[in-house]
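Here are some notes to read alongside the structure, written for someone meeting it for the first time. Please keep the sequence at hand as you go through the points.

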Amino acid sequence: MVCFSLVNSSITAFSLRIVGGVKNIIIQNIHITEINPQFVWGGDGITIDGASLVWIDHVKTSRIGRQHIVLGESSSGKVTISNSEIDGTTSWSAKCDAYHYWCVT
């Protein structure tokens, strides 16, 4: 069993990828930011692909170049996103309206 914990941390310029059949993952109390915000296809915040029992709680994503949270091509089961903030405000808007490319406004 592998355990990895980031509590009350900030991840700058790096993504989280949860892939390949892993399970029982908790991502809690972190801020993921500054992943190539100036590029429309610049990178994702959290990618979940083929994982199960994933809980994303009290996580903030901001200034992400592509998608904040991605569910990949392989099915993932029992993924929960709770009490989290997806901040779509950006200075590099595709439509020059100060909102992230993928946000629904």
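1. Let us start with Lys60, which is partly exposed at a relative accessible area of 26%. On this scale, buried means under 20% relative accessible area, exposed means over 50%, and partly exposed lies in between (1.4 Å probe, protein chains only). Lys60 forms a salt bridge with Glu85, with 3.9 Å between the closest N and O atoms. Such a bridge is defined as a side-chain nitrogen of Lys or Arg within 4 Å of a carboxyl oxygen of Asp or Glu. Because Glu85 sits in strand β10 (residues 85–87) and Lys60 in strand β7, the pair ties together parts that are 25 residues apart in sequence. Glu85 is also partly exposed, with a relative accessible area of 41%.

2. A word on the source. This is a predicted model, in which local features need pLDDT of at least 70 and side-chain atom pairs count only at pLDDT 80 or more, while totals for chains, interfaces and linings use all residues. Residues are numbered from 1 along each chain as its sequence is written, and side-chain values use heavy atoms, leaving out hydrogens and water.

3. How many salt bridges does the whole structure hold? A search finds three. One of them joins the side chains of Arg63 and Glu34, at 2.3 Å from N to O. This pair links distant parts of the chain, with Arg63 in strand β7 (residues 60–64) and Glu34 in strand β4 (residues 30–35), 29 residues apart. Arg63 is partly exposed at 26% relative accessibility, and Glu34 is partly exposed at 29%.

4. Asp44 and Arg66 also form a salt bridge, their closest N and O atoms being 3.2 Å apart. Here the partners lie in loops: Asp44 between β4 and β5 (46–49), Arg66 between β7 and β8 (69–71), 22 residues apart.

5. Now for the strands. Four strands form an open, parallel sheet in the order β1-β4-β7-β10. Its edge strands are β1 (9–12) and β10, each pairing on one side only. Two strands count as paired if DSSP finds at least two bridges between them. Four bridges join the parallel strands β4 and β7, and Thr33 stands opposite Ser62 in β7.

6. What lies inside? The largest nonpolar core has 14 residues, and Ile27, Ile32 and Ile46 have the most contacts within it. Such a core is a set of buried Ala, Val, Leu, Ile, Met, Phe, Trp, Tyr and Cys residues joined through side-chain atoms within 4.5 Å. At least two core residues come from each of β2 (16–19), β4, β5 and β6 (52–57), with β4 giving the largest share, three residues. Leaving aside residues up to four places away in sequence, Ile27 touches several others, among them Leu16, Trp55 and Val59; a contact means heavy atoms within 4.5 Å.

7. Finally, the chain as a whole. Of its 105 residues, 32% count as buried. Among contacts with a separation of 6 or more, 63% are between residues 24 or more positions apart.
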